[in-house]
Amino acid sequence: MRKLYINSLIITLVIFSTSTIHFSNGIDSLKKELNNSIVDTNSIKILNDISWKYLTNNLDSSFYFIRKAVQLAESKNYPRWLAKSYNTLGVAYWYRGLLDSALTEIKKSYAINKIFGNVRDISKNLGNIGMLYDNLGKTDSSIYYYEKALGYFEVNNDKIGMAKIFANLALIQTDLKKYDIAIEQNDRAIKLYNEADYLEDIPRVLANKGLIYINLEQFEKALEIFDNGLEIAESQNNLSVKAKIFEYIGSTNKRTGKTSEAIVNIEKALGIHKELGEKISIANNLLELSNLLVYENNYNLTEFYLNECSSLSIENKHVLKRLYNNYKILYTLKKDYKNAYLYFEKFTELKESLLNEDYNLKLADFQVKYETREKEIELQKKNAQLQNEEKLNKFYLLLLIIGSLGSITIGGLYTKKRSAYLKLVEKNNHIFNKCKNSAKKKETELNETQNNIYSVFTNYLENLTSYGKTDLTLDAIAKEIGTNRSTLSEIVNIINPNGFSTLINMYKINAAIKLMDLHPNWDIKSISIDAGFKSYSTFSEAFYKHTGIKPSFYRKNKDKTYDRL
């Protein structure tokens with residue numbers, strides 16, 4: 001799984017924008033243009049452009065403008081610009097390191113573009129989905145979507161799009177240690193870029209090719225390729241690529257034991273990133289410099305760089321985890337055990353949060369994939385395995401720090417409670433109704449026969465007296481309402497791009513909430529079974545995914561804050 005430090009990977013992962021950005025215009029001029037424009041598709045386009053401008057230096061502002069674009073596109077019923085806005089929102093989540101949210105938004109964009117047959121934007125959606133699956137460590141899914149994107153680009157004879165796909169496929173082959181294939185795909189990318197007279201991305205591909213030779217421990221060859229890429233980047237005044245190549249040269253210096261040269265090259269990269277105002281890249285450079293200096297026993301300069309990194313107020317959890325870990329190492333080596341323990345706590349808490357996010361994503365994937373009883377048993381085993389692995393990782397971390405913090409007892413480490421709930425999502429009483437309203441809008445995309453089937457399908461679900469005693473698989477419901485699996489699946493996917501299982505779960509959750517409201521003394525576990533869930537843990541995770549809160553929290557606070565869905 002390739003770790004996601006999105007700014008530092010811009011050189012290797014080329015994000016596909018479905019919007020035409022006014023790169024010649026500054027943010028101020030775009031805002032002025034926005035203020036002078038009437039509320040139409042051009043306003044949404046400008047909001048997208050501003051959001052892209054803010055991506056690398058002010059994520060909060062980027063989110064603010066793209067959410068306004070989404071709201072405007074929804075209110076004015078501009079589906080094509082809604083698709084573009086969803087794509088931009090997905091990229092913003094990507095930059096923040098929230099990969100599951102990024103995937104959800106870009107898939108929304110893909111679903112709309114597919115309905116309208118917008119081949120150009122479909123290919124870009126598929127490319128972005130492929131990159132997200134790559135970052136999530138799902139290589140097979142990544143390759144699948146990349147190859148689908150490649151097919152669309154080939155139909156349009158889009159050589160630049162094809163080149164980007166080959167460059168990204170080369171990264172996967174590099175991760176798989178299939179270096180000959182990776183070199184071949186990089187060379188194909190360079191050839192296509194040359195044919196399209198698009199030289200901007202060639203230094204990026206050369207940098208990635210150099211990394212392959214580092215993996216092969218052919219360091220001189222790697223430096224030769226880096227120098228070639230650096231020369232082209234300098235001729236183009238491509239500062240971001242220059243910075244990345246300096247980082248790679250520094251990494252090569254580090255691998256060959258030339259620490260002082262490595263520091264010089266990372267400092268060059270840092271200077272460029274400061275000039276560009278790319279906070280995450282600045283943070284990564286500062287963290288790398290601290291890594292190099294701490295083992296040179298230069299503790300003062302190490303602490304200076306870490307403090308500078310901390311002052312950036314970075315929100316990316318992966319960057320913060322590295323920062324806390326580096327502080328922990330520094331203070332342990334300085335035998336300042338009080339501060340070492342403080343940052344160990346922060347590191348552990350953040351690592352636990354990331355593990356929980358990963359755990360929830362895997363559990364959701366299992367729910368979608370497995371629908372039969374036999375598969376649910378397998379899901380429970382996987383669930384238990386993940387929990388055991390998490391406990392084991394915590395135990396190893398405790399053992400590691402105890403050796404350095406002799407006077408701190410094990411008991412004190414276990415007193416740390418889990419963090420409180422993250423910010424709750426918007427009031428859950430809008431969620432189900434919003435989904436139903438969205439479904440009603442999309443019914444206009446169905447023909448008369450499909451509309452009739454969908455009406456029978458929803459009536460069947462809404463009139464069920466017991467979800468727990470009913471077979472709610474796609475095959476069973478299709479048979480019950482007098483149609484076939486493929487027809488029902490096609491209709492559901494048009495109405496709800498998130499799929500059949502997600503839709504069924506929303507009905508189950510709504511049924512469970514009604515039971516909790518009507519029977520406040522009933523045991524929640526019994527209610528989960530009546531609502532059609534095989535186990536309480538499955539119910540709890542599904543409830544949290546759809547509402548943002550746990551069932552027990554809903555029951556305790558519903559009279560104060562929450563209304564029924």
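Which residues are buried in α13? I looked this up in a predicted model, where local features need pLDDT of at least 70, side-chain atom pairs count only at pLDDT 80 or more, and totals for chains, interfaces and linings use all residues. Residues are numbered from 1 along each chain as its sequence is written, and side-chain values use heavy atoms, with hydrogens and water left out.

**Entry 1: α13**

I found A262, I263, N265, I266, A269, L270, I272 and H273 buried in α13. Buried means under 20% relative accessible area, exposed over 50%, partly exposed in between (1.4 Å probe, protein chains only). Helices are DSSP runs of H or I, at least four residues, numbered from the N terminus. The buried residues of α13 pack against α12 (239-255) and α14 (279-294). Contact here means heavy atoms within 4.5 Å. I checked the length of α13 (residues 259-276): at 1.5 Å a residue, its 18 residues should span 26 Å, and the end C-alpha atoms are 26 Å apart, which agrees. The expected span is 1.5 Å times one less than the number of residues. Just after α13, G277 has a positive phi of about 70°.

**Entry 2: α9**

The buried residues of α9 include Y179, I183, N186, I190 and Y193. Their cover includes α8 (159-175) and α10. D197 follows α9, with a positive phi near 55°.

**Entry 3: α10 on α11**

Next I took α10 (residues 202-215) and α11 (residues 219-235). They pack at an angle of about 170°, with axes 8 Å apart. Axes are lines fitted to C-alpha atoms over the stretch in contact, and angles run from 0 to 180 degrees between N-to-C directions. That makes α10 roughly antiparallel to α11, a term for angles over 145 degrees. Among the residues that meet are L206, L211 and I214 in α10, and I225, F226 and I232 in α11.

**Entry 4: cores**

I then looked at the largest nonpolar core, which has 81 residues. A nonpolar core is a set of buried Ala, Val, Leu, Ile, Met, Phe, Trp, Tyr and Cys residues joined through side-chain atoms within 4.5 Å. L55, W94, I129, L132, I165, F226 and I245 touch the most other members. Helix α4 (residues 79-96) gives the largest share, ten residues. Another core, of 29 residues, lies apart from it and includes A283, L287, L306 and L320.

**Entry 5: Y305**

Last, I picked Y305 in α15 (residues 299-310). Y305 counts as buried, at 9% relative accessibility. Y305 touches E267, L286, L289 and L293, not counting residues up to four places away in sequence. Y305 and L287 are 18 residues apart in sequence and 7.2 Å apart in space, C-alpha to C-alpha.

Methods: Helices (H or I, at least four residues) and strands (E, at least two) are DSSP runs, numbered from the N terminus. Angles under 35 degrees count as roughly parallel, over 145 as roughly antiparallel, 65 to 115 as roughly perpendicular and the rest as oblique.
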